[in-house]
Amino acid sequence: MSSMRKLPLAVFFVVLLGAFPAFAAETTRDSYVAAVEPICKTNTEANEKILKGVRAKVKAGKLDAAAKQFFNAARALKRTRAQLLQIPKPAADAVRLTKWLGYVKREVELFEAVARKLAKGEANGAQKMVVRLISNARQANNLVLDFEFRYCKFQPS
């Protein structure tokens, strides 16, 4: 076999070998859930600690302390969202997950809005933002019901 005939055959095998990792790396819904749940679990546990007692502080009029807690929760969720953006999405669910991550971004913005309202001493305005936060969380959760997330569900209380 001449070297000219070997070249196309070699190129074919290189292309074929390069294609297998692409097939193996395709993300499934189950592998996506398995990848994101630990990230969400860490955030959920962190936010439980961060927001502990925030309702009592608001009722007691300690709005500055409550505002700091909400700013910290927003910062933690922002970091979590950045990590979630790094996880490859299953092709079949990419649009839905992109929309869900948009809701996560909106959740961060609402946490920050609550914190700003509390810092200004506007408890009623903060309460309105909390209502929006709960509504946003429900929309996000409804969007990804099929994924059966445990920790990646928003559970504002």
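Predicted model: local features only at pLDDT ≥ 70, side-chain atom pairs only at ≥ 80, totals over all residues.

Tutor: The side chain of Arg96 forms a salt bridge with Asp146, and the closest N and O atoms of the two are 3.1 Å apart. This pair links distant parts of the chain, since Arg96 lies in helix H5 whereas Asp146 lies in the segment after H6, 50 residues apart. Asp146, with a relative accessibility of 46%, is likewise partly exposed. In general, side chains of opposite charge can pair when their charged atoms come close.

The structure holds five salt bridges, and one of them joins Lys78 to Glu112, with the closest N and O atoms 3.2 Å apart. Here too distant parts of the chain are linked, Lys78 being in helix H4 and Glu112 in helix H5, 34 residues apart. Lys78 is partly exposed at a relative accessible area of 45%. A further salt bridge brings together the side chains of Lys117 and Glu122, at 3.4 Å from N to O; Lys117 is partly exposed at 27% relative accessibility, and Glu122 is partly exposed at 34%.

Helix H4 itself covers residues 63-86, and its 24 residues reach 35 Å from the first C-alpha to the last, close to the 34 Å expected at 1.5 Å a residue. Its buried residues include Leu63, Phe70, Leu77 and Leu84, and the buried residues of H4 pack against helix H2 (29-50), helix H3 (54-59), helix H5 (94-119) and helix H6 (123-143).

Technical notes
Residues numbered from 1 in each chain as written. Heavy atoms only, no water. Helix = DSSP H or I, 4+ residues; strand = E, 2+ residues; numbered from the N terminus. Expected span 1.5 Å × (residues − 1). Buried < 20%, exposed > 50% of the residue type's maximum accessible area, 1.4 Å probe, protein only. Contact = heavy atoms within 4.5 Å. Salt bridge = Lys/Arg side-chain N within 4 Å of Asp/Glu carboxyl O.
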